[in-house]
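User: I have a few labels to go through. Please set each one against its definition.

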Amino acid sequence: MHDKKRLWHTVSGVVAVVLVAIFLIGGGCVLSEIRDLRQEVGRLKNDLNNQISNLDSNLGRQIGDINRRMDEDNSLFSDVKTAMDYRDGQMRFTVSATPKTLTEGDTLTLVLGDSSAMLESKDGSVFSCSVPFPLAEEVDPVLVLTSGGIRRQETLDTVYPKSLLSLQCRSDWESHKEGTLKVYIDSSDNFTVSDLMGGDFALDVKDEGGKTVSTLPLRLKNDNVSVYATADLSEILAVPGSYQIYLTGKLGGLSYDCTGPLASFDSDATNGNTGIMSGDNLLEPIFK
């Protein structure tokens, strides 16, 4: 009798172990399937987001194309070209335009702020003119077509003289000689290396209160791409304090200032040099 009970308990235990094993295996399979399902949902979600992004991009391009074609259809001109140039202290704006329709007696005028000029044609189809205009932050050129006493006008893309005349500059502290700063000014479409060599540039050293403590004129050299100069600031920076260094200059009849400090230097009486900074900046013309 006792043997039967022991056998029964043994069989029951084995069955319980088998059932638990089956449950665990089944549960593991279910968890694995859930994990795979989640990964698949994630992949499908990413694919859907990519498709939506591509659709938005394509739709944006199509809308841009439609707007451009509408502008071209509504334009008074089949072709317009513009250019700006600065020489001898004067900014000039050049435009050439081809009207879609033009009858005898029609006139075409360029308006730039308070200035205006008639466009002339040598072949009867392309009209052009080149006029000086005052320096300004931005200018909206307007072409006015007068036909039979009726004036129609079209505003061209805004032009930015200050951006055109700005110069890229940068600085580097010399590693082998503390307090020595090397300054570079890059040539541009409007200012060649030769033009830059004819300019007058200087470094303004300002204290933490913004007061100019020293101005050092720069003696320029060039490498056919940029002009550069080396300035010894060691005596100035030997006095403990925080300093910011700005590049200023005169070029082509214009005065120039940096949009921010070109370099900085911090020192104290105990620890000496505690931090230096150099980098890139923009040298912008000052329009009065």
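Analyst: Two strands pair if DSSP finds at least two bridges between them. Strands (E, at least two residues) are DSSP runs, numbered from the N terminus. This is a predicted model, in which local features need pLDDT of at least 70, side-chain atom pairs count only at pLDDT 80 or more, and totals for chains, interfaces and linings use all residues. Residues are numbered from 1 along each chain as its sequence is written, and side-chain values use heavy atoms, with hydrogens and water left out.

User: How do you know that strand β7 and β8 pair?

Analyst: Strand β7 (residues 142-147) and β8 share six bridges in the antiparallel sense, and the rule asks for at least two. In one of these strands, β8, arginine 152 is the bridge partner of leucine 145.

User: What makes β4 and β8 edge strands?

Analyst: The open antiparallel sheet has four strands in the order β4-β3-β7-β8. β4 (115-118) and β8 (150-155) each have a single partner strand, so one side of each lacks a neighbour in the sheet.

User: Why is threonine 109 called buried?

Analyst: Buried means under 20% relative accessible area (exposed is over 50%, partly exposed in between; 1.4 Å probe, protein chains only). Threonine 109 has 16% relative accessibility, so threonine 109 counts as buried. Threonine 109 lies in strand β3 (residues 107-112).
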